[in-house]
Amino acid sequence: VPDAYSVLGSWYGKRSVQERNPQLLDSAGMVLAEGIRAGAVSGPLFEAMGSYHGSQGRTDSALVYFNKAVAIGPVNGQLLHNRAMTLLATDRDAAIADLTRAITVGHPSVGDSYALRGRAQYQAGRYAEAIQDLDAAIGTFGHARADAFIIRGICHYQLGHRAEAAADARTALTLDPNAAQARQLLQVTGQ
């Protein structure tokens, strides 16, 4: 059951994003920290604190709080996705495992989990798996972001699928005309 601190802290955090107001994010951090100082212990509080630290670029602290949230529960797809984002730079396989669980459990942004797992698979050199995940993100969940098309295009290129790579590069340029990687991909495919 979420406590008042996690509810209010999350509310401030969401409002800060909606209104692009960093002062509201500071308020979220203060409310969440006060909850921890007051001895509140709940999965949602630790999840919100992990998200707060992640938004500040403090991934080590974010990971500590996400791990506490997973240990206490309840575990949901968004929590696993957020923890995977913090793990991606240090433990790619653990990030992929969390993203697989997030996809299985489900959450409103499951397409983002497929896209992030596709990025992790690409970074691991597992191009066919990355293409499968990015196909799901793009085709099933409408994840229409230039970076997803660029990564999928690079994976196609690495597997010798030049026409598919060029098509993805063109789509990426439609979404982001300034995407330098998409231009480079289009050049190397010769299309």
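In this predicted model, Arg-83 has a relative accessible area of 13%, which is under the 20% cut-off, so the residue counts as buried. Its side chain meets that of Asp-98 in a salt bridge, with N and O 2.6 Å apart. The pair links distant parts of the chain, since Arg-83 belongs to helix H5 and Asp-98 to helix H6, 15 residues apart. Asp-98 is buried too, with a relative accessible area of 4%. This bridge is one of nine salt bridges in the structure.

Because Arg-152 lies in helix H9 (residues 146–158) and Asp-135 in helix H8 (residues 127–140), the contact ties together parts that are 17 residues apart in sequence. Arg-152 also meets the side chain of Asp-168 in a salt bridge, at 2.7 Å from N to O. Here the partner sits in helix H10 (residues 162–175), so H9 and H10 are tied together by residues 16 apart in sequence. Accessibility sets the members of this group apart. Arg-152 is buried, with a relative accessible area of 13%, and Asp-168 is buried at 4%. Asp-135, in contrast, counts as partly exposed because its relative accessibility is 36%, between the limits of 20% and 50%. Salt bridges that share partners also join Arg-119, Arg-145 and Asp-147 into one network.

The protein contains 11 helices and zero strands, and the pattern read along the sequence is α-α-α-α-α-α-α-α-α-α-α. Along the principal axes, the C-alpha atoms fill a box of roughly 60 × 30 × 25 Å. Of the 191 residues, 47% are buried. The exposed surface comes to about 9,700 Å², and carbon and sulfur atoms supply 52% of that area. Among contacts with a separation of 6 or more, 45% are between residues 24 or more positions apart.

Ser-6, Gly-9, Gly-13 and Ser-16 are buried in H1. These four residues are on the same side of the helix because they cover an arc of only 95 degrees around the axis. What covers the buried residues of H1 includes helix H2 (22–37) and helix H3 (43–55). On the face turned away from the buried side, H1 carries the exposed residues Ala-4, Lys-14 and Gln-18. The two ends of the helix have details of their own. At the start of H1, a side-chain oxygen of Asp-3 comes to within 3.0 Å of the backbone nitrogen of Tyr-5. Just after the helix, Arg-20 adopts a positive phi of about 50 degrees.

The buried residues in H4 are Ala-62, Leu-63, Tyr-65, Phe-66, Ala-69 and Val-70. These residues pack against H2, H3 and helix H5 (77–87). Just after H4, Gly-73 takes a positive phi of about 80 degrees.

Gln-121 lies in helix H7 (residues 110–123) and counts as buried because its relative accessibility is 8%. Leaving aside residues up to four places away in sequence, Gln-121 touches Ile-96, Arg-126, Glu-129, Ala-130 and Asp-133. Thr-90 is placed in the loop between H5 and helix H6 (92–105). With a relative accessible area of 64%, over the 50% limit, Thr-90 is exposed. The C-alpha atom of Thr-90 is separated by 10.0 Å from that of Asp-60, 30 residues away along the chain.

Technical notes:
Residues numbered from 1 in each chain as written. Predicted model: local features only at pLDDT ≥ 70, side-chain atom pairs only at ≥ 80, totals over all residues. Heavy atoms only, no water. Buried < 20%, exposed > 50% of the residue type's maximum accessible area, 1.4 Å probe, protein only. Arc of directions from axis to C-beta. Contact = heavy atoms within 4.5 Å. Polar contact = N/O pair within 3.5 Å; in protein donor to acceptor, adjacent residues only side chain to side chain. Areas by Shrake-Rupley, 256 points an atom, 1.4 Å probe, with all protein chains shown as cover. Salt bridge = Lys/Arg side-chain N within 4 Å of Asp/Glu carboxyl O.
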